[in-house]
Amino acid sequence: MGHIDTFLESSLDTVDLAEEAVLKVAKEAGLQEEGRYELGMAVREIMTNAVVHGNRYSLNKKVHLVVSREENAVIVKIGDEGDGYTPDCQPDPLAEENLLNQSGRGMMIVRAFVDEVLVTSEPRRGTEVTMRKYLQSEA
Amino acid sequence: MSLKLSTRQVGDVTIVDAAGRITLGEGSSAFRDLVKDLITKGSKKVILNLGEISYIDSSGIGELVSSFTTVQNAGGQMKLLNLTKRVKDLLQITKLYTVFEVFEDEAASLASFK
C-alpha cells in the first residue's frame, strides 16, 4: 500500500486512524523508527487541528487525507472544510508573553518534525497542509 | 496505553507518577482534574514524574503548562522529574525547558523544595 486518498469523519478517533495509516505507508517506504515517530506526531497535530479547529467536529464536514510516496520521501496532505485562517497572524508560541499559553504549539512542532510544510488556507475555503518527510531526514 | 496517574506523599511534597500517553482526549482532562484536586486539598509542592510517559503531543504539553500555572497561581510550585528523551526534546523545541524546573533524580527534586 503506497498511496491513500480518503475522506475521514471529523472526530478524534480518525486522528488515530490517520496516524496509523500514514505510519504504515512510512514503514513500507523505509522510514526509520524515529522518523516515523516525528511524522506520526506531525500527522496527529494537523489532524487534530483539522478536526477540532477546522471542521469543529461537524458531522457534515470531512477531513481529506492523501498519503503518497516519492523515491526518497513520504508526502502527507490533510485538508479540512473549515473556515480557514491566516497562518501569518498566529501568535508566536516562542514569544516570552506566549510561553505559558495552553495552546498554539502544534504547527511549531510540525515544522520541527517534518522537512517541508506548506499551509494553504483561505476564509471559508478550509485549510490544507502538505508535509514532506524525507526517508533520510534531517528534521 | 492511556494515561495512568497515581500520587504518593513524601513529607509535604506530592509526587504524581504518570504513565502512558498525554494527548488530546486521552487523559489530558484526568490530568487537569488531578492537579485541581491536589490544589483543593492544599498541596503546594508537586513533583510530576514523567518517567513512564511514552507519548505526549502539543495538547499534552498544554496540559503541563496549564497545571504549572494552576499550581503557581495557588502559591505553590510544580517541578518535573525523569523526562524521557522525547518529552525533553519537545520541551526544548517549545522553549518550555527553561520555564519548568527539571530533575533527573527524585531525591534531588525533593531536596529542592527545602
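In chain B, helix α1 (residues 28–40) and helix α2 (residues 58–73) pack at an angle of about 10°, with their axes 10 Å apart; axes are lines fitted to C-alpha atoms, for helices over the stretch in contact, and angles run from 0 to 180 degrees between N-to-C directions. The two helices α1(B) and α2(B) are therefore roughly parallel to each other, a label given to angles under 35 degrees, while those over 145 count as roughly antiparallel, 65 to 115 as roughly perpendicular and the rest as oblique. This is a predicted model, in which local features need pLDDT of at least 70 and side-chain atom pairs count only at pLDDT 80 or more, whereas totals for chains, interfaces and linings use all residues. Residues are numbered from 1 along each chain as its sequence is written, and chains are lettered from A and ligands numbered from 1 in the order in which they are written.

**Helix packing in chain B**
- Ser28(B), Phe31(B), Arg32(B), Val35(B), Lys36(B) and Ile39(B) of α1(B) make the contact with α2(B), whose contributing residues include Glu63(B), Thr70(B) and Val71(B); residues are in contact if their C-beta atoms, placed from the backbone, lie within 7 Å.
- By class, this contact of α1(B) with α2(B) has four nonpolar, six polar and three charged residues, where Ala, Val, Leu, Ile, Met, Phe, Trp, Tyr, Cys and Pro count as nonpolar, Asp, Glu, Lys and Arg as charged, and the others, Gly among them, as polar.

**Helix packing in chain A**
- The axes of helix α1 (residues 12–29) and helix α2 (residues 33–54) of chain A come within 9 Å and cross at roughly 150°, which makes α1(A) roughly antiparallel to α2(A).
- Among the residues that meet are Leu12(A), Val15(A) and Val22(A) in α1(A) and Leu39(A), Val43(A) and Met47(A) in α2(A), and the classes in this contact of α1(A) with α2(A) come to ten nonpolar, three polar and four charged residues.

**Architecture of chain A**
- Chain A has three helices and five strands, which follow the pattern β-α-α-β-β-α-β-β along the sequence; helices (H or I, at least four residues) and strands (E, at least two) are DSSP runs, numbered from the N terminus.
- The C-alpha trace of chain A spans about 40 × 40 × 25 Å along its principal axes.

**Contact between the chains**
- Chain A places 16 residues in contact with 15 residues of chain B, and the elements of chain A that give two or more residues to this side are α2 and α3 (106–113).
- The side of chain A that touches chain B divides into nine nonpolar, four polar and three charged residues.

Terms used. Contact = placed C-beta atoms within 7 Å.
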